[in-house]
Amino acid sequence: MVDIAALQPRVAAGRLGKLRRFAWRNPVMVFALLLFAAMILVSAFAPLITSFDPVQIDPGNRLKSPSWEHLFGTDAFGRDVFTRTLYGGRVSLAVGAAVAILTTVIGLTIGMLSGYLRAIDPMVMRVMDGIMAIPGVLLAIAIMSVTKASIGTVIFAITVAEVPRMVRVVRSAVLTIREQPYIDAAIATGTRLHRLLLKHIMPNALAPVIVQATFVFASAVIIEAYLSFLGAGTPPEIPSWGNIMAEGRSLALLAIWVILFPGLFLGLMVLATNLLGDSLRDVLDPRMRGRK
C-alpha cells in the first residue's frame, strides 16, 4: 500500500526543484517580480512604514534635506517626501492596474469580434486607426480638459488612449487562430459564436494579451505622471508621483530631493513592469523558448 504521507515531501521537493530551475533559467523575470512586489508592498503598507501624514503641512520643517527623521527630506510645505512618495505609489498602482484591466477586457472583446467577423472588421479598425492617430498623452489631455479632475477621469482618459493598441494585438492573434482546423471543426459541430469566442479563440489569444497588458500598465503609470505633472491629472491634494514632481520642479536647484525620489520610484516601477513583460513574452512564446 502506498504511503501518501511519505510521498508528500518528495512531491514538495520536486516542485521546489522545478521552481529553482525556472528561476535559474529566467533571472530577469525573478528580478522584475521581486522589484515589482517590493514596489507594491511599500505602497500598500505605507501607513505602517511611516508615521507622517502625506498632506499635513509643517512650515517649520520646509525644505529639510534628507536625514534619519525625514529619509527623503521635506518639500516647500514641510511635508515628508518619503511619505508622499509611498502614498503616491498607491495612486500610480491603482491607475495602472485599473487601466490595464479595463483595456484588456475592452480590447479583448472588440479585438475578437473584429478579427473573427469580417463584416465589421474594416469599420472597427478605421475607428481604432483614427484614435491611434492622436498621441495618447494629447488625447488624454483633451479628455481631461473637458471633464472634472479625478482619479476615475484619469483612468477613463488613459483607457481610451490605450484600447486601440490592445485591439490590434488581439485582432492579429485572432486572424491566425480563426484559420486553424479546430475552429473549422467547432463551426461544423454547430458551436455558437459566443461559445466559439470564449472557449476556443480567447484561450489561445491570451499569451500576447497578457504581455501587452504589462506594457499598458507601464504606459498608464507614465501617462498618469505626465498628466499630473502638467496639472491635468489627479487633483493636487492627492499625492501622486506626477503631482509631487510638478510641485518640486521649481525647486530643482534648491532641493533636488523633492523631484529626485518620486522620479526614481516612477522609473523603477516602469522598469520592473517592462522587464516583466519582456520575460513573459519569452516564456509564453514557443519560438522564444526554443532559442534558449
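Which residues form one aromatic cluster? In this predicted model, the cluster is formed by Phe-72, Phe-82, Trp-241, Phe-261 and Phe-265. The count of aromatic pairs in the structure comes to five. One of the pairs is that of Phe-72 and Phe-265, whose ring centres are 6.0 Å apart and whose planes meet at 70°, so that the arrangement is edge-to-face, planes over 60 degrees apart being assigned to that class. Because Phe-72 belongs to the loop between H3 and H4, whereas Phe-265 belongs to helix H11 (residues 257-284), the pair ties together parts that are 193 residues apart in sequence. Both partners, Phe-72 and Phe-265, are buried.

A further contact with an aromatic ring involves a charged side chain: Arg-249 lies over the face of Phe-229, at 4.9 Å from the ring centre.

The loop between helix H3 (46-49) and helix H4 (81-116) also contains Leu-63, a residue that is not a glycine and yet has a positive phi of about 55°. In general, most residues other than glycine have a negative phi.

How values were computed: Residues are numbered from 1 along each chain as its sequence is written. This is a predicted model: local features need pLDDT of at least 70, side-chain atom pairs count only at pLDDT 80 or more; totals for chains, interfaces and linings use all residues. Side-chain values use heavy atoms; hydrogens and water are left out. Helices (H or I, at least four residues) and strands (E, at least two) are DSSP runs, numbered from the N terminus. Rings of Phe, Tyr and Trp (its six-membered ring) pair if their centres lie within 6.5 Å; planes under 30 degrees apart count as stacked, over 60 as edge-to-face and the rest as tilted. Buried means under 20% relative accessible area, exposed over 50%, partly exposed in between (1.4 Å probe, protein chains only). A charge sits over a ring if NZ of Lys or CZ of Arg is within 6 Å of the ring centre and within 35 degrees of the ring normal.
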